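Thanks, everyone, for making the time this morning.

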Amino acid sequence: MNHLKIFTWALVCAIALAGCNNRDDGPPILVTTQILSDPGFDGDIEQTSPNSFTVTQGMSPTVQSVFAGIDPVVRTEFRAFLDFPLTGPGGVPGNAVIDSAFLDFFINSLQPNVGDIPILIDLVAFQPPTLIGTDFDRGRQPALASLVVSPPFSQADVGTNVSIDVTSLMIAAQNLGLLDFQLRIMQDLGPAIPILLEISDTTGPDRDSVAPLLTVNYF
């Protein structure tokens with residue numbers, strides 16, 4: 001998908017139509033906006049022992065992706081975090097009524113190259129948007145809402161953009177008045193499966209095509 005063209009179009013529409021939804025002489029107008037994740041706040045947390053964590057936050061020349069799942073070699077678990085700012089031009093107004101929301105991201109790899117990985121996505125609030133080790137823990141950083149991705153990701157998804165319906169999470173974020181749509185992406189609860197999901201979060205010239213993208217339709 002060409003995120004740049006879509007994002008530019010959506011931004012123009014959102015600005016042009018922002019005042020139309022306040023009119024009393026017609027039906028509400030559906031507005032579409034698209035928001036790229038913030039590469040400065042995206043990251044992942046690796047649990048290296050029951051009480052030890054390695055936090056990686058912010059993309060850099062040597063870090064261009066985030067991970068979720070279990071490393072098949074050393075058997076440590078990773079949980080990925082994505083941050084989408086909701087305020088400012090092209091964002092989602094605080095009084096908007098959410099119609100739908102979709103999360104798109106590009107899967108760089110599944111390691112090893114066999115098997116499927118079930119994924120759970122939590123809506124969280126790590127504010128200020130600085131990750132700390134305990135954000136890994138669902139007990140110490142509780143989920144505000146959650147969903148299970150269906151079907152699980154498989155090798156057929158590698159090298160493609162996947163789209164996930166996150167409408168329920170976006171409605172929850174809007175009801176809570178959150179300034180950022182922040183997600184924790186992890187292997188679903190249950191028996192541990194040694195598969196590691198790598199999500200592209202590149203800051204290179206193709207960011208507009210393969211970086212995590214939130215599309216929101218609202219009135």
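Let me begin with Val97, which counts as exposed because its relative accessibility, 52%, falls above the 50% cut-off. Please keep in mind throughout that what you see is a predicted model. Val97 sits in the loop between β5, residues 77-85, and β6, residues 98-111, and together with Leu30 and Phe219 it makes a nonpolar surface patch of about 250 Å².

From there I would like to turn to the charged side chains. Side chains of opposite charge can pair when their charged atoms come close. In this model the count comes to four salt bridges, and I will take you through some of them.

The side chain of Asp122 meets that of Arg138 in a salt bridge, with a distance of 2.8 Å from N to O. This pair links distant parts of the chain, given that Asp122 is in strand β7, whereas Arg138 is in the loop between β7 (119-124) and β8 (145-148), 16 residues apart. How exposed are the two partners? Asp122 is buried, with a relative accessible area of 0%, while Arg138, with a relative accessible area of 28%, is partly exposed.

The side chain of Asp122 also meets that of Arg184 in a salt bridge, here at 3.0 Å from N to O. Arg184 lies in strand β10, residues 180-187, and Asp122 in strand β7, so this pair ties together parts that are 62 residues apart in sequence. Here Arg184 and Asp122 are both buried.

Another salt bridge joins Arg207 and Asp201, whose closest N and O atoms are 2.9 Å apart, and again both Arg207 and Asp201 are buried.

Finally, let me step back to the chain as a whole, which contains three helices and twelve strands. Of its 219 residues, 48% are buried, and the chain exposes about 9,900 Å², of which carbon and sulfur atoms supply 59%. If we consider the contacts in the chain with a separation of 6 or more, 79% of them are accounted for by residues 24 or more positions apart.

That is where I will stop, and I am happy to go back to any of these residues on the screen.

Notes: Residues numbered from 1 in each chain as written. Predicted model: local features only at pLDDT ≥ 70, side-chain atom pairs only at ≥ 80, totals over all residues. Heavy atoms only, no water. Helix = DSSP H or I, 4+ residues; strand = E, 2+ residues; numbered from the N terminus. Buried < 20%, exposed > 50% of the residue type's maximum accessible area, 1.4 Å probe, protein only. Patch = residues over 30% accessible without salt bridge, like charges linked within 9 Å, V, L, I, M, F, W, Y side chains within 5 Å. Areas by Shrake-Rupley, 256 points an atom, 1.4 Å probe, with all protein chains shown as cover. Contact = heavy atoms within 4.5 Å.
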